[in-house]
Amino acid sequence: MGKPTGFLDYERQDSRCTPPLERIKNFHEFHTPLPLEKQRLQGARCMACGVPFCQAGRMIAGMASGCPLNNLCPEWNDLVYLGNWKQAYQRLAKTNCFPEFTSRVCPALCEAACTCNLNGEPVATKENERAIIETAWETGLVKPEPPAVRTGKKVAVVGSGPSGLAAAMMLNRRGHSVTVYERRDRIGGLLRYGIPNMKLEKNVIDRRVKLMEEEGVTFVTNADVGADVSAAELLKEYDRVLLCCGASNPRNIQAPGRELKGIHFAVDFLTSVTKSLLDSNFADKKYIDAKNKHVVVIGGGDTGNDCVGTAIRLGAKSVVQLEMMPKPPEERAENNPWPEWPKVLKTDYGQEEAIAMFGSDPRIYQTTVAEFIGNKKGELKKLKLVKLKPEKDPNTGRTNMVPIEGSEEIVPADLVLIAAGFLGSQKYVTDAFGVAVNARTNVDTRPGGYETSVPGVFAAGDMHRGQSLVVWAIREGREAARAVDYSLMGYTNL
């Protein structure tokens, strides 16, 4: 440890955020990083614990505690304090393919498990990570690493989200010839179209894709495998196929009036907005517009929050966010001790902007839609909401949220965005390859493995584990690359 008393000597300091009413005027990232000298002091706060929960990446009480990538947080936190940016980058790159993504969009599981978080503020590990990778890019430390020798083996990766990109990077650097197929017009998958620009500027993705191309990875866009590109063609041309197509089936809300115009899945809304922004800065008008509309977002997770922030930037008249579950406590409950993931109230950037814009938190807890109400033209105009209460099922012991009779109310709604999560892989892809799926429609493999029921076909990411975080997708991509490499070579050094 470079500074044994750093956590006592220095208080946590985060990057500066542009005020909500200012940042909603555009779709740019709104965090201004600390100067490197100040960021170094944040590295000094790391205690180099004897048991670093921050890098454990273990499941505790069904929740992840610490970094799923097992990032060597204490090592590079200390190197940040010492100002040794080169070695800090080398240590970070050992475990994380894309720190520039995770340092922007990860919920920082490392910080939740930080020992300093037990009785104070955690180490600013996420922002230290961003300082390392951005300094590495700026100083030329991030360079193409093409393999010295090619193995002669060919691998097709289907899907260019975080798991597909991670696997492609690892397999290419191993010496295999890798081609990535993406059904959309740009590379990135969820990173490109599922995460708004203000959280992840797309030039950050372009920068990494360009580097991977220089290393020898081939990218093919507008190639919908299972539809436009046949699975048989890939199985014939490549030695192995890795499916990384994501959990692409959005969970629906079945209520009377669901067929009305003005009801969209969140991913369709976010995709249309980002594509129009990238294509024409909204000049083409080919996006789901929220301007002057009463917007209701169904779902309280990250995607729901992204919809809130996006709708506000588009000029929504009002924004309401419905959450089925009760409002979380502001502090840890006794049955949620550290180092478990803290199940506490989190007010994210979208909610902050709604509070600044409309004067109140947009979230309404223990509430769902009982009916969508429209006009004679079939256009959505109102919602009938109903309050919910927790009730334990006597047969299963599970607690369900059930409607409270007589609690209905009518609210205005011109645009509803369903952000209720995702159910699993898409059937046309799994049917095309003939791979088995489990009860949740995720691609089935043996526990801890990545090879599917079809020899030579592997699966990773959300398509394999179900809807999850970018950091978990990267881990799955790295582990699947190792499994593919072993199956090709009989051993692996990944």
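Me: In this predicted model, what makes the crossing in which H8 passes H11 left-handed?
Reply: H8 passes H11 in a left-handed crossing. The term applies because the near helix is turned anticlockwise from the far one by less than a right angle.

Me: Why is H8 called oblique to H11?
Reply: Helix H8 (residues 125–138) and helix H11 (residues 202–215) pack at an angle of about 55°, and their axes lie 13 Å apart. That angle makes H8 oblique to H11, because roughly parallel means under 35 degrees and roughly perpendicular means 65 to 115.

Me: Which residues of H8 and H11 meet?
Reply: From H8 come Ile133, Glu134 and Trp137, which meet Arg207, Arg208 and Leu211 in H11. The contact of H8 with H11 divides into 3 nonpolar, no polar and 3 charged residues.

Me: What is the order of the strands in the open sheet?
Reply: The 5 strands run in the order S9-S17-S10-S11-S12, with parallel pairing.

Me: Why are strand S9 and strand S12 said to stand at the edges?
Reply: Strand S9 (263–265) and strand S12 (363–364) each have a single partner strand, so one side of each has no neighbour in the sheet.

Me: How do you know that S11 and S12 pair?
Reply: Strand S11 (residues 318–322) and S12 are joined over 2 bridges in the parallel sense. They count as paired because the rule asks for at least two bridges. Leucine 322 has isoleucine 364 in S12 as its bridge partner.

Me: Which strands does helix H13 touch?
Reply: Helix H13 (residues 266–280) packs on the sheet and touches S9 and strand S17 (415–418). The direction of H13 makes about 85° with that of S9.

Terms used: Residues are numbered from 1 along each chain as its sequence is written. This is a predicted model: local features need pLDDT of at least 70, side-chain atom pairs count only at pLDDT 80 or more; totals for chains, interfaces and linings use all residues. Side-chain values use heavy atoms; hydrogens and water are left out. Axes are lines fitted to C-alpha atoms, for helices over the stretch in contact, and angles run from 0 to 180 degrees between N-to-C directions. Helices (H or I, at least four residues) and strands (E, at least two) are DSSP runs, numbered from the N terminus. Angles under 35 degrees count as roughly parallel, over 145 as roughly antiparallel, 65 to 115 as roughly perpendicular and the rest as oblique. Contact means heavy atoms within 4.5 Å. Ala, Val, Leu, Ile, Met, Phe, Trp, Tyr, Cys and Pro count as nonpolar, Asp, Glu, Lys and Arg as charged, and the others, Gly among them, as polar.
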